[in-house]
Amino acid sequence: MRVRKTPVVVLALLALVGTLSVVGLVRSLPGEIKLPTLGPECTVKADGEVTLDFVQMANAATITAVGIRRGMPERAVVIALATALQESKLENLDDGDRDSIGLFQQRPSQGWGTIEKIKDPRYAADKFYTALKKVKGYEKMRVTDAAQRVQRSAYPNAYEKWADESAVLARALTGRATGAVACTVTGSPALRGTAASAALLAGLKLDWGKGLAKTPATVTRTAGLTVAVSDTSTGWRYAHWLVSHASATGLERVRFADLEWHAPDGKWQPVTADGGVDERQVIAQVFS
(Lines give C-alpha, C1' and ligand atoms only; values in the text may rest on other atoms or scores of the structure.)
Protein backbone atom coordinates (compact mmCIF):
# COMPACT_ATOMS: atom_id res chain seq x y z
CA MET A 1 0.00 0.00 0.00
CA ARG A 2 1.33 3.42 -0.91
CA VAL A 3 1.05 6.17 1.65
CA ARG A 4 0.23 9.50 0.05
CA LYS A 5 2.25 12.30 1.61
CA THR A 6 0.60 15.62 2.29
CA PRO A 7 2.54 18.47 0.68
CA VAL A 8 4.35 20.81 3.08
CA VAL A 9 2.41 23.82 1.74
CA VAL A 10 -0.89 22.14 2.56
CA LEU A 11 0.29 21.37 6.07
CA ALA A 12 1.31 24.99 6.58
CA LEU A 13 -2.09 26.19 5.41
CA LEU A 14 -3.86 23.77 7.72
CA ALA A 15 -1.76 25.00 10.64
CA LEU A 16 -2.65 28.61 9.84
CA VAL A 17 -6.35 27.80 9.61
CA GLY A 18 -6.13 26.01 12.95
CA THR A 19 -4.45 29.02 14.53
CA LEU A 20 -7.08 31.41 13.22
CA SER A 21 -9.83 29.10 14.49
CA VAL A 22 -8.29 29.16 17.95
CA VAL A 23 -8.10 32.96 17.84
CA GLY A 24 -11.78 33.13 16.90
CA LEU A 25 -12.69 30.75 19.74
CA VAL A 26 -10.68 32.69 22.32
CA ARG A 27 -12.31 35.97 21.24
CA SER A 28 -15.71 34.45 21.98
CA LEU A 29 -14.86 33.34 25.51
CA PRO A 30 -15.37 35.58 28.56
CA GLY A 31 -12.84 36.24 31.28
CA GLU A 32 -9.29 37.46 31.61
CA ILE A 33 -7.90 35.76 28.51
CA LYS A 34 -5.03 37.44 26.71
CA LEU A 35 -5.66 37.12 22.99
CA PRO A 36 -2.87 35.69 20.83
CA THR A 37 -1.57 38.11 18.23
CA LEU A 38 -0.21 37.52 14.74
CA GLY A 39 1.98 40.61 14.65
CA PRO A 40 3.54 43.48 16.62
CA GLU A 41 1.55 45.23 19.32
CA CYS A 42 1.56 48.03 21.88
CA THR A 43 2.12 47.65 25.60
CA VAL A 44 1.10 50.28 28.12
CA LYS A 45 2.67 50.18 31.59
CA ALA A 46 1.44 52.63 34.23
CA ASP A 47 0.81 50.97 37.62
CA GLY A 48 -0.51 48.01 35.64
CA GLU A 49 -0.14 46.67 32.11
CA VAL A 50 -2.44 46.64 29.08
CA THR A 51 -1.72 45.18 25.63
CA LEU A 52 -3.46 46.56 22.54
CA ASP A 53 -3.00 46.35 18.80
CA PHE A 54 -2.13 49.39 16.70
CA VAL A 55 -5.72 50.32 15.85
CA GLN A 56 -6.90 50.03 19.45
CA MET A 57 -3.94 52.06 20.70
CA ALA A 58 -4.52 54.88 18.25
CA ASN A 59 -8.22 55.05 19.13
CA ALA A 60 -7.45 55.09 22.86
CA ALA A 61 -5.03 57.98 22.33
CA THR A 62 -7.60 59.90 20.30
CA ILE A 63 -10.36 59.41 22.90
CA THR A 64 -7.98 60.66 25.59
CA ALA A 65 -6.85 63.68 23.55
CA VAL A 66 -10.44 64.76 22.92
CA GLY A 67 -11.17 64.53 26.64
CA ILE A 68 -8.12 66.57 27.58
CA ARG A 69 -8.78 69.35 25.07
CA ARG A 70 -12.34 69.55 26.35
CA GLY A 71 -11.02 70.06 29.88
CA MET A 72 -12.52 66.81 31.16
CA PRO A 73 -10.93 65.23 34.26
CA GLU A 74 -8.97 61.99 34.07
CA ARG A 75 -11.95 60.14 35.57
CA ALA A 76 -14.00 61.06 32.52
CA VAL A 77 -11.27 59.64 30.28
CA VAL A 78 -11.33 56.39 32.27
CA ILE A 79 -15.10 56.12 31.83
CA ALA A 80 -14.88 56.87 28.10
CA LEU A 81 -12.14 54.28 27.53
CA ALA A 82 -14.01 51.62 29.53
CA THR A 83 -17.14 52.30 27.49
CA ALA A 84 -15.31 51.99 24.18
CA LEU A 85 -13.55 48.82 25.32
CA GLN A 86 -16.87 47.22 26.18
CA GLU A 87 -18.81 48.47 23.17
CA SER A 88 -16.24 47.92 20.42
CA LYS A 89 -12.95 46.71 21.92
CA LEU A 90 -11.64 50.12 20.81
CA GLU A 91 -12.31 49.35 17.16
CA ASN A 92 -14.27 51.73 14.93
CA LEU A 93 -16.97 49.22 13.95
CA ASP A 94 -19.14 49.57 10.85
CA ASP A 95 -22.12 47.91 12.51
CA GLY A 96 -23.53 46.49 15.74
CA ASP A 97 -26.82 45.93 17.52
CA ARG A 98 -29.61 47.42 15.42
CA ASP A 99 -28.16 50.66 13.97
CA SER A 100 -25.26 50.99 16.43
CA ILE A 101 -21.89 51.92 14.92
CA GLY A 102 -18.46 53.22 15.83
CA LEU A 103 -16.26 53.17 18.92
CA PHE A 104 -19.12 53.75 21.36
CA GLN A 105 -21.79 51.95 19.33
CA GLN A 106 -23.83 55.13 19.11
CA ARG A 107 -27.12 54.99 17.20
CA PRO A 108 -28.14 57.55 14.57
CA SER A 109 -31.79 56.78 15.35
CA GLN A 110 -31.23 57.88 18.95
CA GLY A 111 -29.89 61.31 18.07
CA TRP A 112 -26.15 60.69 18.23
CA GLY A 113 -25.59 62.01 14.70
CA THR A 114 -25.30 60.75 11.17
CA ILE A 115 -23.48 57.54 10.30
CA GLU A 116 -20.66 59.52 8.72
CA LYS A 117 -20.18 61.68 11.80
CA ILE A 118 -20.33 58.83 14.30
CA LYS A 119 -17.70 56.96 12.30
CA ASP A 120 -15.28 59.81 13.05
CA PRO A 121 -13.58 58.80 16.35
CA ARG A 122 -13.15 62.43 17.36
CA TYR A 123 -16.81 63.27 16.83
CA ALA A 124 -17.92 60.09 18.63
CA ALA A 125 -15.67 60.79 21.61
CA ASP A 126 -16.79 64.40 21.78
CA LYS A 127 -20.46 63.36 21.80
CA PHE A 128 -19.78 60.85 24.57
CA TYR A 129 -18.07 63.47 26.75
CA THR A 130 -20.93 65.91 26.11
CA ALA A 131 -23.42 63.35 27.39
CA LEU A 132 -21.23 62.33 30.33
CA LYS A 133 -20.80 65.93 31.45
CA LYS A 134 -24.57 66.11 31.97
CA VAL A 135 -24.47 63.22 34.45
CA LYS A 136 -24.41 64.88 37.85
CA GLY A 137 -21.71 63.49 40.11
CA TYR A 138 -20.24 61.10 37.54
CA GLU A 139 -16.74 61.67 38.95
CA LYS A 140 -17.67 59.81 42.13
CA MET A 141 -19.70 57.03 40.50
CA ARG A 142 -18.47 53.56 39.67
CA VAL A 143 -17.23 53.42 36.09
CA THR A 144 -20.09 51.15 35.05
CA ASP A 145 -22.77 53.36 36.63
CA ALA A 146 -21.52 56.53 34.95
CA ALA A 147 -21.14 54.77 31.59
CA GLN A 148 -24.61 53.28 31.84
CA ARG A 149 -26.18 56.69 32.42
CA VAL A 150 -24.83 57.65 28.99
CA GLN A 151 -25.17 54.39 27.09
CA ARG A 152 -28.36 52.85 28.55
CA SER A 153 -27.11 49.38 27.71
CA ALA A 154 -28.99 46.13 28.15
CA TYR A 155 -25.95 44.98 30.15
CA PRO A 156 -25.46 47.82 32.65
CA ASN A 157 -22.71 46.16 34.69
CA ALA A 158 -20.51 45.15 31.75
CA TYR A 159 -18.43 48.34 31.74
CA GLU A 160 -16.92 47.71 35.18
CA LYS A 161 -14.75 44.83 33.99
CA TRP A 162 -12.71 47.34 31.97
CA ALA A 163 -12.19 49.82 34.84
CA ASP A 164 -8.65 48.71 35.73
CA GLU A 165 -7.43 48.55 32.13
CA SER A 166 -8.91 51.96 31.41
CA ALA A 167 -7.23 53.48 34.46
CA VAL A 168 -3.84 52.22 33.22
CA LEU A 169 -4.44 53.69 29.76
CA ALA A 170 -5.64 57.00 31.18
CA ARG A 171 -2.62 57.39 33.48
CA ALA A 172 -0.28 56.91 30.54
CA LEU A 173 -2.13 58.90 27.89
CA THR A 174 -2.86 61.90 30.14
CA GLY A 175 0.87 62.20 30.77
CA ARG A 176 1.07 61.00 34.37
CA ALA A 177 3.48 58.19 33.47
CA THR A 178 6.93 58.32 31.87
CA GLY A 179 7.77 56.29 28.76
CA ALA A 180 4.62 54.23 29.34
CA VAL A 181 3.36 53.61 25.79
CA ALA A 182 5.62 51.29 23.79
CA CYS A 183 4.66 50.09 20.31
CA THR A 184 6.86 47.90 18.12
CA VAL A 185 6.53 48.84 14.45
CA THR A 186 8.34 46.70 11.91
CA GLY A 187 8.20 46.28 8.14
CA SER A 188 7.94 48.97 5.50
CA PRO A 189 6.72 52.35 6.88
CA ALA A 190 3.21 53.41 5.93
CA LEU A 191 4.54 56.84 4.91
CA ARG A 192 7.93 58.50 4.53
CA GLY A 193 9.47 61.94 4.58
CA THR A 194 7.31 65.01 4.18
CA ALA A 195 4.16 62.90 3.70
CA ALA A 196 4.75 61.25 7.07
CA SER A 197 5.46 64.60 8.74
CA ALA A 198 2.30 66.09 7.26
CA ALA A 199 0.22 63.11 8.45
CA LEU A 200 1.54 63.47 11.99
CA LEU A 201 0.86 67.20 12.07
CA ALA A 202 -2.64 66.76 10.63
CA GLY A 203 -3.46 64.10 13.20
CA LEU A 204 -2.20 66.23 16.05
CA LYS A 205 -4.34 69.16 14.96
CA LEU A 206 -7.44 66.99 14.56
CA ASP A 207 -7.10 65.34 17.99
CA TRP A 208 -5.82 68.25 20.05
CA GLY A 209 -7.60 71.11 18.28
CA LYS A 210 -7.07 74.63 19.58
CA GLY A 211 -5.10 73.30 22.52
CA LEU A 212 -2.21 72.66 20.18
CA ALA A 213 -1.86 76.41 19.65
CA LYS A 214 -0.57 76.66 23.22
CA THR A 215 2.08 74.06 22.43
CA PRO A 216 2.99 74.80 18.79
CA ALA A 217 3.95 71.93 16.50
CA THR A 218 6.24 72.67 13.58
CA VAL A 219 7.61 70.52 10.76
CA THR A 220 11.42 70.30 10.83
CA ARG A 221 13.96 70.15 8.03
CA THR A 222 15.11 66.73 9.23
CA ALA A 223 11.85 65.01 8.20
CA GLY A 224 9.79 65.18 11.34
CA LEU A 225 8.26 67.68 13.71
CA THR A 226 8.72 69.22 17.14
CA VAL A 227 6.03 70.05 19.66
CA ALA A 228 6.79 72.78 22.18
CA VAL A 229 5.53 71.97 25.69
CA SER A 230 5.23 73.90 28.94
CA ASP A 231 5.70 71.03 31.39
CA THR A 232 6.68 67.37 31.67
CA SER A 233 3.13 66.05 31.87
CA THR A 234 2.15 67.79 28.64
CA GLY A 235 5.30 66.48 27.01
CA TRP A 236 4.43 62.89 27.81
CA ARG A 237 0.86 63.38 26.59
CA TYR A 238 2.17 64.27 23.15
CA ALA A 239 5.00 61.74 23.20
CA HIS A 240 2.60 58.91 24.02
CA TRP A 241 0.09 60.15 21.45
CA LEU A 242 2.78 60.11 18.77
CA VAL A 243 3.86 56.55 19.57
CA SER A 244 0.21 55.44 19.67
CA HIS A 245 -0.24 56.64 16.09
CA ALA A 246 3.16 55.48 14.82
CA SER A 247 2.04 52.52 12.74
CA ALA A 248 -0.12 54.52 10.34
CA THR A 249 2.08 57.60 10.08
CA GLY A 250 5.64 56.46 9.34
CA LEU A 251 7.02 57.59 12.68
CA GLU A 252 10.54 56.28 13.38
CA ARG A 253 11.63 57.97 16.62
CA VAL A 254 10.23 60.07 19.44
CA ARG A 255 12.44 61.86 21.92
CA PHE A 256 11.45 63.67 25.08
CA ALA A 257 13.59 64.66 28.05
CA ASP A 258 16.22 61.92 28.43
CA LEU A 259 14.29 59.09 26.77
CA GLU A 260 13.90 58.02 23.16
CA TRP A 261 11.52 55.54 21.49
CA HIS A 262 12.55 53.73 18.30
CA ALA A 263 9.93 52.01 16.11
CA PRO A 264 11.68 48.67 15.35
CA ASP A 265 12.77 48.24 18.99
CA GLY A 266 9.49 49.43 20.43
CA LYS A 267 11.07 50.56 23.67
CA TRP A 268 11.96 53.77 25.45
CA GLN A 269 15.69 53.95 26.08
CA PRO A 270 17.83 56.50 27.93
CA VAL A 271 19.75 58.87 25.69
CA THR A 272 22.53 61.33 26.38
CA ALA A 273 21.30 64.76 25.37
CA ASP A 274 23.79 67.26 23.98
CA GLY A 275 23.71 70.30 26.20
CA GLY A 276 21.54 68.62 28.85
CA VAL A 277 17.99 67.33 29.07
CA ASP A 278 15.42 69.34 27.11
CA GLU A 279 11.90 69.14 28.57
CA ARG A 280 10.61 72.04 26.46
CA GLN A 281 9.89 70.10 23.30
CA VAL A 282 8.93 66.67 22.00
CA ILE A 283 10.93 65.68 18.92
CA ALA A 284 9.43 63.30 16.38
CA GLN A 285 11.42 61.86 13.47
CA VAL A 286 9.82 60.01 10.55
CA PHE A 287 11.33 57.50 8.14
CA SER A 288 13.11 59.23 5.25
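**Helix crossing, ring pairs and a disulfide**

Tutor: The axes of H3 and H5 come within 11 Å and cross at roughly 125 degrees. This is a predicted model: local features need pLDDT of at least 70, side-chain atom pairs count only at pLDDT 80 or more, and totals for chains, interfaces and linings use all residues. Residues are numbered from 1 along each chain as its sequence is written, and side-chain values use heavy atoms, with hydrogens and water left out.

Student: Why are H3 and H5 called oblique to each other?

Tutor: Axes are lines fitted to C-alpha atoms, for helices over the stretch in contact, and angles run from 0 to 180 degrees between N-to-C directions. Under 35 degrees is roughly parallel, over 145 roughly antiparallel, 65 to 115 roughly perpendicular, the rest oblique. The angle here is roughly 125 degrees. H3 and H5 are therefore oblique.

Student: Which residues of H3 and H5 make the contact?

Tutor: Contact means heavy atoms within 4.5 Å. H3 supplies Ala76, Val77, Ile79, Ala80 and Thr83; H5 supplies Phe128, Tyr129 and Leu132.

Student: What makes the pair of Phe104 and Phe128 stacked?

Tutor: Rings of Phe, Tyr and Trp (its six-membered ring) pair if their centres lie within 6.5 Å; planes under 30 degrees apart are stacked, over 60 edge-to-face, the rest tilted. For Phe104 and Phe128 the centres are 4.9 Å apart and the planes at 15 degrees, so the pair is stacked. Phe104 sits in the loop between helix H3 (74–88) and helix H4 (115–118), and Phe128 in helix H5 (residues 121–133), 24 residues apart.

Student: What kind of aromatic pair do Phe128 and Tyr129 form?

Tutor: Edge-to-face, with 6.2 Å centre to centre and 75 degrees between the planes. Ring pairs link Phe104, Phe128 and Tyr129 into a cluster. The structure holds five aromatic pairs.

Student: How do you know that Cys42 and Cys183 form a disulfide?

Tutor: The rule asks for a pair of cysteine sulfur atoms within 2.5 Å. The sulfur atoms of Cys42 and Cys183 are 2.1 Å apart, and the two form a disulfide. Cys42 is in strand S1 (residues 42–45) and Cys183 in strand S3 (residues 181–183), 141 residues apart. The link is right-handed, with 115 degrees about the S-S bond.

Student: Why does Cys42 count as buried?

Tutor: Buried means under 20% relative accessible area, exposed over 50%, partly exposed in between (1.4 Å probe, protein chains only). Cys42 has 0% relative accessibility, so Cys42 is buried. Cys183 is buried too, with a relative accessible area of 0%.

Key
Helices (H or I, at least four residues) and strands (E, at least two) are DSSP runs, numbered from the N terminus.
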